Structure formats: structure tokens, C-alpha cells
Amino acid sequence: MANTVHIDVVSAEASIFSGEAEFVVAPASAGEVGIFPHHAPMVTSIKPGALRIKLPDTAEETLIFISGGILEVQPGLITVLADTAVRGHDLDEAKAVAAKEAAIEAMQNRTSDMDYAKAQAELSEALAQIQAIERLRKTTH
Amino acid sequence: MAGSKEIRTKIKSVENTRKITKAMEMVAASKMRKAQDRMRASRPYADKIRNVAAHLSFAQAEYKHPFLVKRDIVKNVGLIVVSSDKGLCGGLNTNMLRLSVNQMKTWESEGKSISVSAIGNKGFSFMNRVGANVKSHITGLGDVPHMENLIGTIKVMLDAYEAGEIDQLYICYTKFINTMKQEPTMQQLLPLSGEQLGSPTGHWDYIYEPEAKPVVDNLMMRYIESLIYNAVAENMASEQSSRMVAMKSASDNAKEVIGDLKLIYNKARQAAITKEISEIVGGAAAVS
């Protein structure tokens with residue numbers, strides 16, 4: 001049996017690759033790292049780039065492009081937690097600011113504090129409607 | 001034939017309504033399947049990242065991430081409310097919002113202040129209407145949740161936690177159990193408890209490259225994001241199956257209403273015919 005290591009490439013939105021590999025090259029944040037089976041446990045962040053996986057019994061390499069993420073290495077298992085979005089401190093910050101501003105803008109239309117009585121009245125009304133419909137459904141069947 | 005025209009129009013209109021609800025039911029059924037697949041697809045990532053995070057939280061002695069540190073005094077609470085963008089999905093949002101509001105009321109009575117982050121239009125407009133302190137929101141996610149759209153909204157809350165503006169972060173969403181059953185759930189996101197992560201096997205530590213702190217920071221943020229993403233994906237699956245069930249019962253109800261109306265229509269028609277015949281017979285009897 002060839003000397004291989006199991007590699008999983010997963011992102012939050014989908015499982016991208018899973019299988020055995022002889023050799024893996026990943027674009028780590030401090031430079032490219034090559035990983036053979038039985039590597040020491042390691043965690044590192046990876047930057048956008050190509051992940052090269054050398055499959056056993058073939059000369060070809062599988063290429064997977066990832067836009068960053070985290071690489072975890074254990075002696076018999078490599079896990080690549082890939083990002084689905086292009087990330088960066090400034091980009092994230094800009095998104096957060098945009099989300100905040102949108103909320104502030106939406107809140108400007110009103111000044112009152114949280115009105116629990118109103119909230120509960122509204123909810124119980126909606127709930128009563130749903131329950132009434134359900135009861136009606138039961139009796140007519 | 002008094003009123004038969006009105007009944008006919010009524011039957012026609014109920015039939016049209018039924019066509020729409022039937023179509024919505026079928027659309028929801030197909031979307032539900034896709035949403036469930038997506039929900040399942042997000043699980044391996046969450047499992048993997050939880051394993052790594054569990055390892056880090058135990059193995060790492062030199063640096064403890066703020067997300068893992070419990071605060072003694074809790075004065076400010078953050079709540080992420082995950083709801084659907086569109087209505088017509090039964091009691092899905094109502095049940096979830098009721099759970100949130102009850103919890104918020106409890107917090108308020110304990111003297112804690114609450115900031116809310118809303119994902120989905122229904123929750124956002126509700127929170128806005130009742131005057132909650134909405135810190136950030138995202139609406140119009142569509143049928144496919146994308147991490148990219150969620151990052152900004154989540155980051156506002158995570159930043160607030162790190163800055164000490166909130167001491168605890170909760171998420172409220174509808175958990176998908178099966179097609180017929182969805183349950184509103186409240187879950188604590190921050191601080192992360194060790195039990196939530198599970199304990200790792202053995203005593204060993206990773207090599208960190210380039211350094212422990214940035215890697216751990218990165219990982220923790222991704223972990224929380226994946227939890228929230230998971231909640232959104234699950235909420236979407238719940239939404240579609242809840243809509244499917246609601247539309248199915250609406251179609252069934254429409255069918256029943258049509259049946260009743262047809263009976264009334266036929267009775268009215270029969271009565272009119274009987275009346276006409278008896279009039280003719282009566283007229284003929286009077287003539288002869």
C-alpha cells in the first residue's frame with residue numbers, strides 16, 4: 001500500500017474534496033508548505049492560492065483554488081477549512097461598517113424604546129390566528 | 001336561479017387561489033430539498049472546525065482567546081435573530097420571535113441591556129417596529145445563504161463582544177427537525193463553553209505558523225461564523241418545509257371550500273328547476 005494521507009477540503013457552503021493523497025502543497029500565510037504523510041500536528045492560516053494535491057497512482061496533481069482559510073495537519077489527516085468569500089481585514093471592516101450604517105439608518109425613523117407590551121400583543125395576535133386556523137382545520141376534517 | 005351567478009364566481013375565485021397555493025407548495029417542496037442539501041453540506045465544515053477549536057481551547061496554555069473567557073458580570077446581551085425574508089410560511093417566524101421576546105423580557109427584568117442583530121426581513125421589521133436596539137441587519141438573502149453576505153452583520157456583534165459592549169451573545173433561529181417539525185431554538189454563542197466544543201483526545205499541541213495568536217483568532221472567528229451560517233442554512237430549510245406544509249393545508253382547505261360551494265350551487269340550481277316545474281304544472285292545471 002502506498003504511503004498516503006487523508007485530506008478533506010471543506011468550506012462552510014460545500015464539501016470540496018475528500019480522499020487520499022501522497023503529497024500536498026498549500027499556500028500558507030508564511031509561504032508555501034509541502035506536506036507528506038505523518039507530518040507533525042500543525043495549524044496555519046492560508047492565503048488565497050492554489051492547493052496542489054498529488055493523488056496516489058497517478059502522475060497528475062489535482063489543483064483546487066481557495067480564497068484563504070485554515071490548514072490543520074495531523075499525522076494521518078489533513079483538513080483544509082476553506083473560505084468561501086474573499087477575506088481581508090479591511091474588506092470585513094467595510095462590510096461591518098456598511099451593516100451598521102444600514103441599521104442606524106433604518107432606526108432613525110423611530111425614537112421609542114423597546115416596547116415589550118406591543119411586541120407581545122402583536123405576537124400573541126398572530127399566534128392566535130394560527131391556532132384558530134389549526135383548530136378550524138381539525139374540526140372540518 | 002337567485003345567487004347562482006355569485007356562487008359560480010366565488011367557486012372560480014377559490015379555484016384560482018388554490019392554483020396559486022398548489023404552485024407555491026410545489027415550489028417550496030423543490031426548494032426545501034435543495035435547502036436541506038445545503039444544510040447538510042455545511043455540517044462537515046462545522047464539525048471539523050469544532051474539533052480544531054476544541055483542541056486549541058485545551059492544548060493552548062499561552063494564549064486564551066477572549067471568546068473562551070467567561071465574564072463574571074453580565075450586563076449587556078447580544079442577540080442574533082434569524083428569520084425568513086418572506087411570509088406565508090405558517091407560524092415559523094411568529095414562534096421564533098415569541099421565544100426571543102420572552103427571553104428579552106427576562107433579560108430586561110434582570111437589568112441587562114440588549115442589542116439585536118437581525119438576519120432576515122421578518123425579524124428585522126418586527127424588531128424595528130417594536131423598538132429594539134438593532135445594531136446591524138441583513139435582509140434579502142435569497143434562497144442560498146452566502147457567507148459573504150453574513151460577514152458584516154456578524155462582525156458587528158463579534159466586535160461589540162471583543163470591545164466589551166456585550167458580555168454574552170445568543171442566537172435565535174428555527175431548528176430543522178424534519179419536514180413536519182421545526183422548533184424555535186435559542187443558543188448561546190459567546191462565550192464558548194468548553195463542553196460545547198467537547199474534549200480532545202490526548203495531550204499534544206500543534207505547531208503554529210506563524211504564531212499562535214493570529215491563527216487562533218482566525219479560527220475562532222471562523223468557528224462562530226460557521227455556527228451562524230449553519231443556523232441560517234437550517235432556518236432556510238425550516239422556512240421552505242414550513243411553507244410547503246402551510247401551502248398544502250391551504251390547498252386542501254380550498255378544495256374543501258370548493259366542494260361546499262359546489263354543493264350549495266347544485267342545491268340552488270335544483271331548487272330553481274323544481275320551482276319552475278311546479279309553476280308550469282300549476283299553470284297547466286289552472287288552464288285545463
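Patches are made of residues with over 30% relative accessible area and no salt bridge, where like charges are joined within 9 Å and nonpolar side chains (Val, Leu, Ile, Met, Phe, Trp, Tyr) within 5 Å. In this predicted model, in which local features need pLDDT of at least 70, side-chain atom pairs count only at pLDDT 80 or more, and totals for chains, interfaces and linings use all residues, I273(B), I277(B) and V281(B) make a nonpolar surface patch of about 260 Å². Residues are numbered from 1 along each chain as its sequence is written, chains are lettered from A in the order in which they are written, and side-chain values use heavy atoms, with hydrogens and water left out.

- Accessible areas come from the Shrake-Rupley method with a 1.4 Å probe, and for residues only the protein chains shown count as cover.
- Leaving aside residues up to four places away in sequence, S241(B) touches M32(B), F176(B), T179(B) and Q182(B).

**Interface between chain B and chain A**

- Contact (heavy atoms within 4.5 Å) joins 59 residues of chain B to 55 residues of chain A.
- The two chains bury about 4900 Å² between them, of which 62% is on carbon and sulfur atoms; buried area is the accessible area (1.4 Å probe) that two parts lose on being put together, summed over both.
- Within chain B, the residues that lose the most area to chain A are Y45(B), K48(B) and E209(B), together 13% of what that side buries.
- Two salt bridges are counted between chain B and chain A, a salt bridge being a side-chain nitrogen of Lys or Arg within 4 Å of a carboxyl oxygen of Asp or Glu.
- R222(B) pairs with D83(A) in a salt bridge whose closest N and O atoms are 2.6 Å apart.
- On the side of chain B that touches chain A, α6(B) gives the most, with ten residues.

**Salt bridges within chain B**

- Over all chains, the count comes to 16 salt bridges.
- E110(B) and K112(B) meet through their side chains in a salt bridge of 2.9 Å, N to O; E110(B) is partly exposed at 48% relative accessible area, whereas K112(B) is buried at 16%.
- K155(B) forms a salt bridge with D159(B), with the closest N and O atoms 3.5 Å apart, and both residues lie in helix α4 of chain B, four residues apart, about one turn of the helix.
- In that pair, K155(B) counts as buried at 8% relative accessibility, while D159(B) is partly exposed at 27%.
- K213(B) forms a salt bridge with D217(B), the closest N and O atoms lying 3.2 Å apart; both residues lie in helix α6 of chain B, four residues apart, about one turn of the helix.
- K213(B) is partly exposed, with a relative accessible area of 42%, and D217(B) counts as partly exposed at 23%.

Notes:
Helices (H or I, at least four residues) and strands (E, at least two) are DSSP runs, numbered from the N terminus. Buried means under 20% relative accessible area, exposed over 50%, partly exposed in between (1.4 Å probe, protein chains only).
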